[in-house]
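Open your viewer and get ready to click along. We will stop at a helix, then at the cores, and end with an annotation.

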Amino acid sequence: MTGVLANQQITDLIDQGVIASDVPFVDGQVQPASLDLRLGTVAYRVRASFLAGKGRLVEDRLDDFEMHRISLEGGAVLEKGCVYLVPLMERLELPADISAVANAKSSTGRLDLLTRTITDEGTEFDRIAAGYTGPLYAEICPRSFSVLVRPGMRLNQIRFRTGQSILSDESLRALHEAETLVTGGPAVISDGLGFSVDLKPETGNLVGYRAKPHTGVIDLDKLGHYAPSDFWEELHTTNGQIILDPDAFYILVSREAVHIPPQYAAEMAPFLAMVGEFRVHYAGFFDPGFGHDAAGGTGSRGVLEVRCHEAPFVLEHGQIVGRLVYEKMDQAPSQLYGAGIKSNYQGQGLKLSKHFAPA
C-alpha cells in the first residue's frame, strides 16, 4: 500500500479496532479520504497552547496548564481569545506502516476557529506518527467569534496514509495535462499547484468578507441561521486590490477553479512565508472529487481564510497566496466529494461557512 487511505479502507480500520471509540461511529463521519473527529464531553481551559513533547503524556501536561474545566454536556461557550483542550471520542492504535495528519474542517476554518490535534508524546500539531497508540485531543482557540459547542461536534478531521505519495512537480504537470487541475488562471507548479486570489470578479465588486470584532456567539449546530451582516463586513473593490489590516481575518476566494480527480487527494499549504505580511490561515483537505465534473463540482473554487500580521499589506488580483499539494490515493474511494453525500462546498465560489444564511 502507498497513498492516502480511502473511505472503505478507513471503515476497515474501524472494524479492525485500529480506530476506536466508546461511542458508536455515526453516519457521514467517514469522508472520501478522511474521518471526522468528534468532541468529547469536557473542555479544559488552558493558559497556553502546548505540545506534549517526547516521552510525556498530554494528561500529565494538563496539570501544568489547566485553569479550569467545563462540561460540554448541554452545550458550553468557548470564548474568543481563549485556548481550550478537548479530549476527542476517537483513539488510535496505528500499525507501523500507517501515519496520519489532521486538519480543521472547512466550516471550522471559515469561522477562524483555530483547531489543531495533539497526541501523547507529540512534537508537532496535526501530525500523528506511524505506530501511534493513544488518545487524540483537539486544541481549540476561537480567534474571531465565540462559539457554542456540544459533545459529538466535528471540528476537525484526520487523513491516513502509507508511504510517500506526494506528487512531484513533474508528475503534477503530467496530471494537469491529462485532467486539467485548474481553470481560470495559469497552472503555476512549484512544490505543488499555486493558486491566486480573485479581486476582479466577473460580476459586481464584492471580493470578500472581514470578520467584525465584537459579535455574538455562534451556535455550531445552527446551519443557515445567522445574518452575515451581524458578523462580517463586505469587502468591495473596483481596482483589483485591497489592504489587509493587521490581525484582521478575511474570507476571500481563489481566482482558479480547482479539480481533484477521484484517484487523488490534496492539502492546502501556505505558499511562502516570505511572500508578504499575511498567510492563508488554515491549511485544509481537499477530497477526491472536489471540483470533479462527474460529481457536480464544475467551477469549484478554493475559499481562502487569510490573516494579516505585523503591518498593513496590499493584496492584488492574481497574487499567488497558497498552493495545493496533491497525493495519490492508495485506492479509489467508493464515494466522491459531492456525489451522493452531503458536501456543503461543492461547486462553490465566494462563500461563508454553512452557519450563515445566503448573503
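Start by selecting helix 2, residues 58-65; helices (H or I, at least four residues) and strands (E, at least two) are DSSP runs numbered from the N terminus. Its buried residues are Val58, Arg61, Leu62 and Phe65, where buried means under 20% relative accessible area, exposed over 50% and partly exposed in between (1.4 Å probe, protein chains only). These four sit on the same side of helix 2, because they cover an arc of only 115° around the axis, taken from the directions from the helix axis to the C-beta atoms. An α-helix has 3.6 residues a turn, so residues three or four places apart point the same way.

This is a predicted model: local features need pLDDT of at least 70, side-chain atom pairs count only at pLDDT 80 or more, and totals for chains, interfaces and linings use all residues. Residues are numbered from 1 along each chain as its sequence is written, and side-chain values use heavy atoms, without hydrogens and water.

Next, show what covers its buried residues, including strand 6 (66-71) and strand 10 (113-119); contact means heavy atoms within 4.5 Å.

Which residues touch the most other members of the largest nonpolar core? Select Leu39, Phe160 and Trp232, from a core of 49 residues. Such a core is a set of buried Ala, Val, Leu, Ile, Met, Phe, Trp, Tyr and Cys residues joined through side-chain atoms within 4.5 Å. Strand 8 (residues 83-93) gives the most to this core, 4 residues.

Finally, select residues 2-164: their end C-alpha atoms lie 7 Å apart.
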